[in-house]
Amino acid sequence: SQNTAIVLKFLVERAVELAEAGRPAGEIEGELLGLADRSNVLIAVRSLDYLHNGGRLTRVQAMLGSLLHICPIVTCVEGRAAMVGKVRLFRRSLEEVVRRIPATACRIGVGHIQCEAETETMIELIARRFPKLPISREQVSPVVSAHLGPCIGVGYHWA
């Protein structure tokens, strides 16, 4: 999937649906590849400590960013974490993540690492923007935890 566990779960569930419907393997593969291309994850990172410890930020960048309450927004590009935005304050980063979800989203899942209360806020923000779309709670990969620390991830795919 070149993405996180949230998106991978969506792909596996779709593969099961198609297999149970008797679709041939080649057709399932084609649909899953298309779905993977229309899937993404956005992650609001609460702390810069893990990015610094992993060598993605210098000590000065992490210190200044922490003083200014900078919260990066990260996505996956070809299986690797890539920053797509920086927002002051974690609450605002949640709002920015929701704003970046395409209007044609047809499936959304939210997962967190050490951000239980903020996850409820994220789900409320998404529900306001997409009132008819069910929002699932998902597990976040330990790999994400190791690289980003406390964070909230939103996986989605669009039509």
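**Entry 1: the largest pocket**

I looked up who builds the lining of the largest pocket, and found that strand S2 (70-77), strand S3 (80-88) and helix H7 (142-148) each supply at least two residues. I noted that H7 gives the largest share, 4 residues. Helices (H or I, at least four residues) and strands (E, at least two) are DSSP runs, numbered from the N terminus.

This is a predicted model, so I kept its rules beside me: local features need pLDDT of at least 70, side-chain atom pairs count only at pLDDT 80 or more, and totals for chains, interfaces and linings use all residues. Residues are numbered from 1 along each chain as its sequence is written, and side-chain values use heavy atoms, with hydrogens and water left out.

I wrote down what a pocket is: on a 1 Å grid over the protein atoms alone, where a 1.4 Å probe fits, it is an open set of points with protein on both sides within 12 Å along at least five of seven lines, and its lining residues have an atom within 4 Å of a point. How much space lies in the largest pocket? I read off about 280 Å³, a volume being the space filled by probe spheres set on the points, with grid points joined across faces, edges and corners.

The largest pocket has 16 lining residues, and Cys 76, Gly 79, Ala 81, Val 143 and Val 144 lie nearest its centre. I sorted the lining into 8 nonpolar, 6 polar and 2 charged residues. For this sorting, Ala, Val, Leu, Ile, Met, Phe, Trp, Tyr, Cys and Pro count as nonpolar, Asp, Glu, Lys and Arg as charged, and the others, Gly among them, as polar.

**Entry 2: the second largest pocket**

Next I looked up the second largest pocket, which holds about 170 Å³ of space. Its lining includes Leu 48, Leu 51, Gln 61, Met 83 and Lys 86. Helix H4 (59-67), S2 and S3 are the elements that give two or more residues to this lining. The largest share, 3 residues, comes from H4. The lining divides into 8 nonpolar, 2 polar and 1 charged.

**Entry 3: salt bridges**

I then turned to charges: side chains of opposite charge can pair when their charged atoms come close. A salt bridge is a side-chain nitrogen of Lys or Arg within 4 Å of a carboxyl oxygen of Asp or Glu. How many salt bridges are there by this rule? I got 13.

I looked at Arg 91 and Glu 95, whose closest N and O atoms are 3.0 Å apart. They sit 4 residues apart in helix H5 (residues 90-100), so about one helical turn separates them.

Glu 17 and Arg 14 also form a salt bridge, with closest N and O atoms 2.8 Å apart. They are 3 residues apart in helix H1 (residues 5-20), which again puts about one helical turn between them.

My last pair was Arg 46 and Glu 118, a salt bridge with closest N and O atoms 3.1 Å apart. This pair links distant parts of the chain, 72 residues apart: Arg 46 is in the loop between strand S1 (39-45) and helix H3 (49-53), and Glu 118 is in helix H6 (residues 116-129).
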